[in-house]
Amino acid sequence: MSPIRSMLSGVLVCLAVATTLFAAADIPYGVGSWDPEKFGNHRAVINVQENAEAVWAHIPWRRRDANPEAKRLIIIDAKTERPLRFIWAADVQREYGDLVFQPTTVPGDYYVYYLPYERAVSWGSYPDYVYLNPEPLLSSNDRFLYLAWLSRNGLTDDRLDKRPWGTLPQARVTEFQAVDEFNSFYPMEVIATAAETRELINRNADRLFLLFPEDRSFPIKMRDDLPLRWIQTGANSSFQGRARRGEYFAFQIGLYASRISLTGVDVVFSDMLCKNTGARIPSTALNCINTGGVDVKGQKFKTDLTVEKGKVQALWIGVRVPRGIKPGAYQGEVAVTAEGLNPQKISVTLHVQPEVQTDSGDGDPSRYSRLRWLDSTIAVDDEPVAPFTSMVVSDRTISCLGRKVVLSETGFPERLQSLFSPEVTHLVEKPTDILSEPVTMAIEGSRNIMLPWVSSGLIFTKKASGAVAWKSVSRASTLTIETRAQMEFDGHLDFEVTISAVEPTGVNDIRLDIPVARDVATYLMGLGIEGGIRPSQHIWKWDEHKLQDSVWIGAVNAGIQCKLKGENYKTILGNVYSRFKNPNKPFIALPPAWDNRGRGGCVLVESGDRTFLFRAFSGPRTIEAGENLHFNFSLLITPLKTLDPHKHFGTRYFHNYQAVEDVLKAGANTINIHHGNDINPYINYPFLRTEKLKDYIQQSHAGGLKLKIYYTVRELSNHVSELWALKSLGQEIYPLGSGGGYPWLQEHFGSDYVPAWFTRRTNCAAIATGGNSRWHNYYLEGLDWLVKNLKIDGIYLDDVDFDRDIMKRIRKVLERNRPGTLIDFHSCNHFSERFGWGSCANLHLEHFPYLDSLWFGEYFDYSLPPDYWLIEISGIPFGLMNEMLQSGGNPWRGMVYGSVTRRSLPTQLWRVWDEIGIRDSQMFGYWSPSSPVRTGRDDVLATAYVTKESVLIAVASWAREAVPCRLQIDWNSLGLDPSRARMQAPAIKDYQEEGVYHPHDEILIEPGKGRLLILKHN
């Protein structure tokens, strides 16, 4: 091409871009009012002035959605509110649409709805939507008329190449509208055209990537397109902002990989200097959340950030402005680097104002100051938290609340002891030995000979009040086993066991043996077995499609859980959303050493008269020279703490946002505030109506009520102020998924997320979060803020996908700010194919030390036997008590375990509790050998709540038919005279009719029901 033609071509491109920009900028973006369920969330307003059978509209909508030609267009006459019959989509692309239609009102306005949708799937609170196909079905007559209209206006196939619509009268686009501000694409989701993007790249021919500084008020939202705004502003090399002293000031730099893919992207900061005063903000006060931070363990990390060619990466930067710094203009540089490339620099001027921001800006989420919470280390320490006590180390014995561990020279437990009473309500002096023999890690050589280990001895590496750590190294032939372990104040022991070889060594097996005492191994839960009476034997193999990697074995007052782990272990407990779209996705990552390519598994079997053996085996293999095999595992000794019936029976829940007077009338004293209401509208983000929430909390406290809120980590509202900053972190916060769900998500969030819960009342569409990410650090800081600023009395959690370390930090944050706060944990039953056949109590056992109560929950089957209730539902063997949900639960069986339903208010039952003073009673369940009341039957069971003057006896039947029951009462232990005693069944609605009995009377118990009896002197 000649230089002149090239120049002319460039001029024409520039003119075309300028014309397009002018046209796009000339059309305002606003908000309208209509029913989005009928028409979708977006429309163009078009004005027609010329009366004609067909008019043409060119709509530069600049859409970010893919394949707009595959979505229906609906045109409504604004005056008549009727849809047009004849519409022809001449040319529909992401950048624009050329439409021809037959107007019905001239002059008049028309609404072009270009993203109409319909609900495709409605599964509870998890709806899915699809966008309507381009053309609705027409009747044969309408089809004939439509084709005739096309032909009369020259819109036939043989003339399409001549773009005949260009000769038609033209309608004018007057405005683009969204159904509300939250749904608007303007300005950061209005895309640049391909021609504009090419021209921008050509103007910056000397740069391999482009930078676009942006204020926090314009969060970068698109990764695959440039916004029109950047075409208008151009690639910039400077940024100015206004900050207060003490503020954490956030801004962005958009990085566009315009010509090549970038690897090793990093951000480097200079000091920021004030020329007038000589003061400075040090470079260490600046950070970029996208290039590194602090993980949930409190460890610093660096991100290996890659940006593919043609993609946009938002770099969110924060400046910690010192509170005592002098006001003025502070100037510095931010250099963005990539591997093998020269850095590009942005000049930053921060105008620091005289005002002081005492909370760093945290009171206003829109300031983005809370992004620094992502790197918080709050409550990362080795201090115990109530009710746990400091640990004691004596020689090789470590003691924590109610439990003792004696270590061998190899670093494994020699003895595990529990000092909990059979009732789990207090501690006793005589311990229960959980093991019959020491725990061992054994290796069987290739010749079927067990290799003898020679240990170098046990060395303690930490002795803190809340954590004790040790290590030991042992050798056998060519093999070395290095054990590093830590026990914490809650009775949790974590072992990192590394086996290596100095030369290739063949072995038949490497296994972990935990010999549990037979008289302790009464019950079992996990590895595919629901909680209950243990089998005599069980064989289990690894399966990534089952949520199984642990087992609990024990009695009510003494037990042990073992969880097998690898170096690739990640907690994925409560997050089942990822399987909604991908049911074949694995639940767990198989631990390489334990699984050993399918050769590993577990055997649980009775061994001799004293032992029930848990053996985790890995099978034959050759250990290569220098290879490290990681046989990690953890142990948790149960019970975890004593039961607290006083607190349990004194806490009366009200699960709704209603007037405080209504709560008091119902007899409740603790309110659980869910989301989806006026004071807490958004899922797991209670920060946007805090004044209303604070006012309600104050009203509750004035009425003597406690108030807890729904606040957990599993999914996160799309109304989060920092949403786009979190999205810029890639998969760190939001795991990959196949998208879909609520239309807002599909239109704004892309296609690579996992849709989660949805609340219709507040149009809150949550996105699943995943794993132990920095969002947990933010979450903990948010909890700290809520306790300090709003005085919440606790939280209730709805499943979780974080580990015990996060739960431990949650308890510390609550207890250190507001002692006596409550943590209530809810879960649905995970023992099904959909949830990976995981037993909930076993899955979440490591969280139990820090909870106050359980709420198990949807899909639990309250018709199953008593041993299932005791182990899988009640929480009692672990130091907790539970409440019921599914179908209202079973009130009679529930009372045997101190459990009531939360589906309705058990007001009359509460009154009975108060009449006999159940809060101050001693609870003796049927599982206690000291229980003063028994039924003499295995299928009708009783629990006694003993006070100074009376006994409340809860009787429940698991028999298949009505059976007579005569109570067996230990009068001496109760201190009651049988000749003066009587039993009364108080009238309780939906529970029982009133009745009076002699203690020796036979009482007929209906199947699945029971009695609540008060025994006292007449």
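Modeller: What follows concerns a predicted model, taken topic by topic.

Biologist: Which residues have the most contacts inside the largest nonpolar core?

Modeller: They are Phe101, Phe614, Ile795 and Ile810, in a core of 227 residues. Helix 13 gives the largest share of this core, with nine residues. Apart from this core lies another, of 35 residues, and Leu211, Cys288, Val321 and Val348 are among them.

Biologist: What does Ile810 touch, not counting residues up to four places away in sequence?

Modeller: Ile810 touches Tyr779, Leu780, Leu783, Ile795, Phe802 and Ile823. Helix 13 covers residues 775-790, and 14 of its 16 residues are buried.

Biologist: How far apart are the end C-alpha atoms of helix 13?

Modeller: They are 21 Å apart. At 1.5 Å a residue, the 16 residues should span 22 Å, so the two values agree.

Biologist: And what comes just after helix 13?

Modeller: Lys791 comes there, with a positive phi of about 65°.

Biologist: Which residues line the largest cavity?

Modeller: Its lining consists of Tyr29, Gly30, His42, Arg43, Tyr114, Phe176, Gln177, Ala178, Ser184 and Phe185. Strand 1 (29-31), strand 2 (42-48) and strand 10 (170-178) are the elements that give two or more residues to this lining. The largest share, three residues, comes from strand 10. By class, the lining of the largest cavity divides into five nonpolar, four polar and one charged.

Biologist: What about the second largest cavity: which residues line it?

Modeller: Pro127, Gly741, Tyr742, Leu745, Pro755, Ala756, Trp757, Phe758, Ala765 and Ala766 do. Strand 49 (755-759) and strand 50 (764-768) each supply at least two residues of the lining. Strand 49 gives the largest share, four residues.

Biologist: How does that lining divide by class?

Modeller: The lining of the second largest cavity has nine nonpolar residues, one polar and no charged.

Biologist: On to the loops. Where is Ser839, and is it buried or exposed?

Modeller: Ser839 is in the loop between strand 52 (822-827) and helix 15 (840-843). Buried means under 20% relative accessible area. Ser839 has 3% relative accessibility, so it counts as buried.

Biologist: What is Ser839 in contact with, leaving aside its neighbours within four places in sequence?

Modeller: Ser839 is in contact with Met525, Gly526, Ile529, Glu530, Gly531, Phe831 and Glu872.

Biologist: What kind of peptide bond joins Ala386 and Pro387?

Modeller: It is a cis peptide bond, with omega of about 5°. Pro387 lies in the loop between strand 23 (344-356) and strand 24 (392-394). A cis peptide bond also joins Phe856 and Gly857, where omega is about -10°. Gly857 is found in the loop between strand 53 (853-856) and helix 16 (866-873).

Biologist: Backbone angles next. What phi does Asp395 have, and where is this residue found?

Modeller: Asp395 has a positive phi of about 55° although it is not a glycine. Asp395 is found in the loop between strand 24 and strand 25 (397-400). With a relative accessible area of 66%, Asp395 is exposed.

Biologist: And what phi does Asp990 have?

Modeller: Asp990 has a positive phi of about 60°, and it is not a glycine. Asp990 is found in the loop between strand 61 (981-985) and strand 62 (995-997).

Biologist: Why does Asp990 count as exposed?

Modeller: Exposed means over 50% relative accessible area. Asp990 counts as exposed because its relative accessibility is 66%.

Definitions and conventions: Residues numbered from 1 in each chain as written. Predicted model: local features only at pLDDT ≥ 70, side-chain atom pairs only at ≥ 80, totals over all residues. Heavy atoms only, no water. Expected span 1.5 Å × (residues − 1). Buried < 20%, exposed > 50% of the residue type's maximum accessible area, 1.4 Å probe, protein only. Core = buried A, V, L, I, M, F, W, Y, C linked by side-chain atoms within 4.5 Å. Contact = heavy atoms within 4.5 Å. 1 Å grid on protein atoms, 1.4 Å probe; cavity = no way out; pocket = protein on both sides within 12 Å on 5 of 7 lines; lining within 4 Å. Nonpolar A, V, L, I, M, F, W, Y, C, P; charged D, E, K, R; others polar.
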